[in-house]
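Here's a quick walk through one chain, from overall confidence down to a few individual residues. Have the model open as you read.

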Amino acid sequence: MKYSEDVKSYSSSSKKSSSAGITTTISGRDFHSNESSAYWLPKDEEEQDRLIGQHFAIKEVYEGNFLSEVKNHVPFTTGARVCDIGCGAGAWLMDMAMEYPNCTFEGVDMVDVDKFEAMPSRINITYGDVTDKLDFPDSAFDFVHMRLFVLALREDDWDHAIREAVRITKPGGVIQLLEYYFTVIIDNMAARGQDPYIGPKQPRLLQQAGCEVIQIDNRVIDMSKNTPAARKFLWNWERVLKSMMPILSPHLGLNDQNEQQTFMKEVIQGLPTCGNFYWMYTAAAQKL
């Protein structure tokens, strides 16, 4: 796929080093071994490449890096302090920094990830765990961005995590959350103590944390339409399945690599016929 080549080009021209952090190796892939995390996916270079591609797929669906109402409350043009919780490979931060040169950016993730050679000094990435307390003072940021924790947090982690995002946001500042809902692994997520239905609950949790919801924008990913976005998400899901297989295969009774490869091939071949395969739920809220 050309999209795969584009992602590899973007990735290889940017990244320079990585730190192993707290790691366990399963079937040749490096996973988080942080006890506070229930994350399914690896943290190695192959996974960082997938995250970069996923970023641009989401950006295409939403036609930008944040919801339209956010810009009416955050001074991106004149200069805002922005935080990305769970920044991963830093693709969202880099994209935002190129678009808004007057802003400063903090990224936080629970493990060290590949850093970007071309990363400007306006971006700083540090270690942090949103299930604990982030190393930022209260009311530090104009905009806090947090997405795709559905496979990382346990159900009873969500209230604290969202309150932590709100804590570091300035009064009048904005928090934006985005989460997936997909049908493939609902039972497996529940068995791991996770909440596959967290997406629609985000507005209520933001209100309970002391915010006023300013926009909700939920999008369906229709895999049956041969749109650029559908092709990007097909590319992404092929790599998600591969990344999840070391943890997912025991739950599915896939005992060897041949069975795993057959399963992945059947899923990927079937996705373009699935129509509404999964949904994205996004909410933006202003801290009162």
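Residues are numbered from 1 along each chain as its sequence is written, and side-chain values use heavy atoms, with hydrogens and water left out.

The chain has a mean pLDDT of 84, with 81% of its residues at 70 or more; pLDDT is the predictor's confidence in each residue, from 0 to 100. Residues 5–21 fall below 50, though in the model this stretch has 35 contacts beyond near neighbours in sequence (contact means heavy atoms within 4.5 Å). Where pLDDT is low, the predicted coordinates should not be read in detail.

## Overall make-up

The chain holds eight helices and 11 strands, taken as DSSP runs (helices H or I, at least four residues; strands E, at least two) and numbered from the N terminus. Of its 288 residues, 56% are buried, meaning under 20% relative accessible area with a 1.4 Å probe, protein chains only. Among contacts with a separation of 6 or more, 75% link residues 24 or more positions apart.

## α2 against α7

Helices α2 (residues 45–62) and α7 (residues 228–252) pack at about 155°, their axes 9 Å apart. The axes are lines fitted to C-alpha atoms over the stretch in contact, and angles run from 0 to 180 degrees between N-to-C directions. The pair is therefore roughly antiparallel, the label for angles over 145 degrees.

On the α2 side, the residues that meet α7 include Arg-50, Gln-54 and Phe-56, while the α7 side includes Phe-233, Trp-235 and Arg-239. Gln-54 counts as buried because its relative accessibility is 6%. The side chain of Gln-54 also makes a polar contact of 3.5 Å with that of Tyr-180 (N or O atoms within 3.5 Å, one able to donate a hydrogen and the other to accept it; residues adjacent in sequence count only if both atoms are side-chain atoms).

## Other buried spots

Helix α4 (residues 158–167) is mostly covered, with seven of its 10 residues buried; Trp-158, Glu-164 and Arg-167 are among them.

Ala-80 sits in the loop between α2 and β4 (81–85) and counts as buried, because its relative accessibility is 3%. Setting aside neighbours within four places in sequence, Ala-80 has contacts that include Asn-102, Cys-103 and Asp-142.

How values were computed. This is a predicted model: local features need pLDDT of at least 70, side-chain atom pairs count only at pLDDT 80 or more; totals for chains, interfaces and linings use all residues. Buried means under 20% relative accessible area, exposed over 50%, partly exposed in between (1.4 Å probe, protein chains only). Angles under 35 degrees count as roughly parallel, over 145 as roughly antiparallel, 65 to 115 as roughly perpendicular and the rest as oblique.
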